[in-house]
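Subject: Structure for you to look at

Hello,

Here is the structure I said I would pass on. My notes on it follow below.

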Amino acid sequence: MRLLYMNPNSTEAMTDSMVSVARETARGDEVLGWTNHLGPPSIQGPEDGEAAVEGLLALLPEARAAAADAIVIGCFDDTGLGPLQAAAHCPVIGIGQAAMSLASLQSDRFGIVTTLDVSVPVIETNVDCYGFRRACVGVFASGLPVLEVERGGQDVEDRLAMAIANAEVAGADAVVLGCAGMSRLRRRLSARTGSLLIDGVVASAFISQALACR
């Protein structure tokens, strides 16, 4: 099968790190990674998300020509999910949608750790849209910009660990990592915190494989 990860932002490094994790997960299948060069450098809030949709839609003819079996939107906000699902030739899911779905199967109560406060309302709207309001204890901002998360480092991991702890204090049994840039940090953060961490890139790889087998 051919799984296509579309990065709504224009930062190639985020595409590369996301695809690396997806390929490690979806062994035996082909994983493509495309960057939306018409999008903003990062998706932080609804305005950035709206600015990215046109570029994502413009990639759909190429996705059909490439014979993608499933498309994954590689942003936790699930940027453009509705329009892409309506226009694409194959199943489309978002990493946020995938992570919340998996978290709901693994835990009765989960929290979401995100980047900046401006991203919280978008994610909360998606929580309601997907029907996870009763399961989600809250969305917790780490105060880290998206591209800072992508760069990583000790300070980034310290602040993410603190946000994970805040989610658990609020009653979360599992914590969803609410940014594609957090994906490659999951194992280190899990070892450090001892927490059950759900990553949307990993979750979407499994779910898109299942969808592509229709």
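Ala 67 sits in the loop between helix H3 (60-65) and strand E3 (70-73); helices (H or I, at least four residues) and strands (E, at least two) are DSSP runs, numbered from the N terminus. This is a predicted model, in which local features need pLDDT of at least 70 and side-chain atom pairs count only at pLDDT 80 or more, while totals for chains, interfaces and linings use all residues. Residues are numbered from 1 along each chain as its sequence is written, and side-chain values use heavy atoms, with hydrogens and water left out.

Although Ala 67 is not a glycine, its phi is positive, at about 60°. Ala 67 counts as partly exposed because its relative accessibility is 43%; buried means under 20% relative accessible area, exposed over 50%, and partly exposed in between (1.4 Å probe, protein chains only). Asp 78 is not a glycine either, and its phi is near 55°, also a positive value. Asp 78 lies in the loop between E3 and helix H4 (81-87) and is buried, with a relative accessible area of 4%.

**Cores**

A nonpolar core here is a set of buried Ala, Val, Leu, Ile, Met, Phe, Trp, Tyr and Cys residues joined through side-chain atoms within 4.5 Å. The largest has 55 residues, and Tyr 5, Phe 76 and Phe 110 are among those with the most contacts inside it. A second, separate core has 17 residues, including Leu 56 and Cys 90.

**Aromatic pair**

Rings of Phe, Tyr and Trp (its six-membered ring) pair if their centres lie within 6.5 Å; planes under 30 degrees apart count as stacked, over 60 as edge-to-face and the rest as tilted. By this rule there is one aromatic pair. The rings of Phe 110 and Phe 132 have centres 6.1 Å apart and planes at 75°, so the pair is edge-to-face. Phe 110 is in strand E5 (residues 110-114) and Phe 132 in the loop between helix H6 (120-129) and strand E6 (136-141), 22 residues apart. Phe 110 is buried, with a relative accessible area of 0%, and Phe 132 is buried at 13%.

**Thr 11**

Thr 11 lies in the loop between strand E1 (2-7) and helix H1 (12-25). Thr 11 is buried, with a relative accessible area of 16%. Apart from neighbours within four places in sequence, Thr 11 is in contact (heavy atoms within 4.5 Å) with Thr 35, Pro 41 and Leu 147.

Regards
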